[in-house]
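Subject: Structure for you to look at

Hi,

Here is the structure I promised to send over. Have a look at it first, and then read on for what turned up.

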Amino acid sequence: TAKVASCIELFQVALDGDRERLTTSHEGTSHYHPKPSPDGKWLLYGSKRDGVRQIFVRDLGSGAERQVTKLQKGQAAMWPHYTGGRKPRTLAPSKPGPAP
């Protein structure tokens, strides 16, 4: 992540230092806690937009983004993590407390 104007944006940086900006957001948006998938094809991350923290997943090949959580104001999703396999349908936001 890096601060760009009033936003915290996502970047992908290669070992040789080349970087690619992954997000261009509305003013005040913050992305946080990015987690690449084990196969390197997906990025799971949090994003605060319009005052609500949600979890999103991005296909790093196409750039397509999908919202994983649908929380209301006063709620927040903070620590995304992968569960199970390596496909986006197996993604779940983290939940406080022990696993069921």
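Before the details, one term: a charge sits over a ring if NZ of Lys or CZ of Arg is within 6 Å of the ring centre and within 35 degrees of the ring normal. You'll need that for a couple of the side chains below. Also keep in mind that this is a predicted model.

First, the overall picture. Of its 100 residues, 26% count as buried. The chain exposes about 6700 Å², with carbon and sulfur atoms supplying 52% of that. As for contacts between residues at least 6 apart in sequence, 21% of them join residues at least 24 apart.

Strand E5 covers residues 30–36, and it pairs with E6 in the antiparallel sense over 5 bridges. Tyr32 stands opposite Gly46 in E6. The hairpin these two strands make has 5 residues between them, and Gly40 there takes a positive phi near 75 degrees.

E6 (residues 42–49) then goes on to E7 (residues 52–59): the two run antiparallel and are joined by 8 bridges. One of the pairs is Arg49 with its bridge partner Val52 in E7. This hairpin has 2 residues between its strands, and Asp50 in the turn has a positive phi of about 55 degrees.

The structure holds 1 aromatic pair. It is made by Tyr45 and Phe56, whose ring centres are 6.2 Å apart with planes at 15 degrees, so the pair is stacked. Tyr45 lies in E6 and Phe56 in E7, so the pair ties together parts that are 11 residues apart in sequence. Both Tyr45 and Phe56 are buried.

The charged end of Arg49 sits over the ring of Phe56, 3.9 Å from its centre. Likewise, the charged end of Arg53 sits over the ring of Tyr32, 4.9 Å from the centre of that ring.

Further along, E7 pairs with E8 (residues 65–67), again antiparallel, over 3 bridges. Val57 stands opposite Arg66 in E8. There are 5 residues between the strands of this hairpin, and Gly63 in the turn has a positive phi of about 85 degrees.

One last stop, back in a loop. Thr23 is found between strand E4 (19–21) and E5. Is Thr23 buried or exposed? Its relative accessibility is 4%, so Thr23 counts as buried. Leaving aside neighbours within four places in sequence, Thr23 is in contact with Glu9, Leu10, His31 and Arg58. The C-alpha atoms of Thr23 and Glu9 are separated by 5.7 Å, although these residues are 14 apart along the chain. The side chain of Thr23 also reaches the backbone nitrogen of Leu10, at 2.9 Å.

Cheers

Technical notes: Residues numbered from 1 in each chain as written. Predicted model: local features only at pLDDT ≥ 70, side-chain atom pairs only at ≥ 80, totals over all residues. Heavy atoms only, no water. Buried < 20%, exposed > 50% of the residue type's maximum accessible area, 1.4 Å probe, protein only. Contact = heavy atoms within 4.5 Å. Areas by Shrake-Rupley, 256 points an atom, 1.4 Å probe, with all protein chains shown as cover. Helix = DSSP H or I, 4+ residues; strand = E, 2+ residues; numbered from the N terminus. Polar contact = N/O pair within 3.5 Å; in protein donor to acceptor, adjacent residues only side chain to side chain. Pairing = 2+ DSSP bridges. Phe/Tyr/Trp six-rings, centres within 6.5 Å; stacked < 30°, edge-to-face > 60°.
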